[in-house]
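Visitor: Please put the model on screen. I have some questions about how the chain is arranged.

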Amino acid sequence: MDMDGEKTVETISERACIDSNGLPVRLYERRHLIVTQTAAGVRRYPGARFWCTAEGDAVRLIDSSMFEVVESGELLVAME
């Protein structure tokens with residue numbers, strides 16, 4: 001399958017968290033996406049999901065309310 005469409009990233013959701021210093025951190029769940037035009041119309045091909053901070057730092061989901069910043073190992077706790 002030829003995937004020469006527009007490659008982009010879309011935001012799926014966001015979470016408000018608190019870092020180890022009690023400061024607020026906003027996290028975003030994002031997904032890679034390819035949008036292409038076919039004879040049948042526009043097609044969307046969703047790809048891998050990932051979490052990151054607003055600054056683009058990679059974040060790992062530990063459980064439903066805890067995250068880890070990959071580079072530093074800092075734990076973030078969801079406020080919601």
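Visitor: Which residue is the bridge partner of I18 in β6?

Guide: This is a predicted model: local features need pLDDT of at least 70, side-chain atom pairs count only at pLDDT 80 or more, and totals for chains, interfaces and linings use all residues. Residues are numbered from 1 along each chain as its sequence is written, and side-chain values use heavy atoms, leaving out hydrogens and water. Strand β1 (residues 6-18) and strand β6 (residues 75-78) run antiparallel and are joined by two bridges; two strands pair if DSSP finds at least two bridges between them. In β6, I18 has as its bridge partner V77.

Visitor: In what order do the six strands close into a barrel?

Guide: Strands here are DSSP runs (E, at least two residues), numbered from the N terminus; helices are runs of H or I, at least four residues. The pairing in the barrel is antiparallel. From one strand to the next, the twist averages 45°, with axes as lines fitted to C-alpha atoms (for helices over the stretch in contact) and angles from 0 to 180 degrees between N-to-C directions. The barrel order is β1-β2-β3-β4-β5-β6.

Visitor: How many helices does the protein have?

Guide: Along the sequence, the pattern reads β-β-β-β-β-β. The secondary structure comes to six strands and zero helices.

Visitor: What is the radius of gyration of the protein?

Guide: It is taken over C-alpha atoms, and the globule rule is 2.2 Å times the number of residues to the power 0.38. For 80 residues that rule gives 12 Å; the protein is well over this, so it is more spread out than a compact globule. Along the principal axes, the C-alpha atoms fill a box of roughly 55 × 25 × 20 Å. The radius of gyration is 16 Å.

Visitor: Is R31 buried or exposed?

Guide: R31 lies in strand β2 (residues 24-38). Buried means under 20% relative accessible area, exposed over 50%, partly exposed in between (1.4 Å probe, protein chains only). R31 has a relative accessible area of 18%, so R31 is buried.

Visitor: With which side chain does the side chain of R31 make a polar contact?

Guide: Contact means heavy atoms within 4.5 Å. Not counting residues up to four places away in sequence, R31 touches several residues, including T8, R44 and F50. A polar contact is a pair of N or O atoms within 3.5 Å; within protein, one must be able to donate a hydrogen and the other to accept it, and residues adjacent in sequence count only if both atoms are side-chain atoms. At 2.6 Å, the partner side chain is that of E10.

Visitor: How far apart in space are G5 and R44?

Guide: G5 sits in the segment before β1. G5 is buried because its relative accessible area is 17%. In sequence, G5 and R44 are 39 residues apart. C-alpha to C-alpha, the distance is 9.2 Å.

Visitor: What is the relative accessibility of E68?

Guide: E68 belongs to strand β5 (residues 66-69). Leaving aside neighbours within four places in sequence, E68 is in contact with residues including A58, R60 and G73. E68 counts as buried, with a relative accessibility of 18%.

Visitor: How many disulfides does the count come to?

Guide: A disulfide is a pair of cysteine sulfur atoms within 2.5 Å. C17 is in no disulfide, as the nearest cysteine sulfur, that of C52, is 12 Å away. C17 is buried at 0% relative accessible area, and C52 is buried at 5%. The count is zero.
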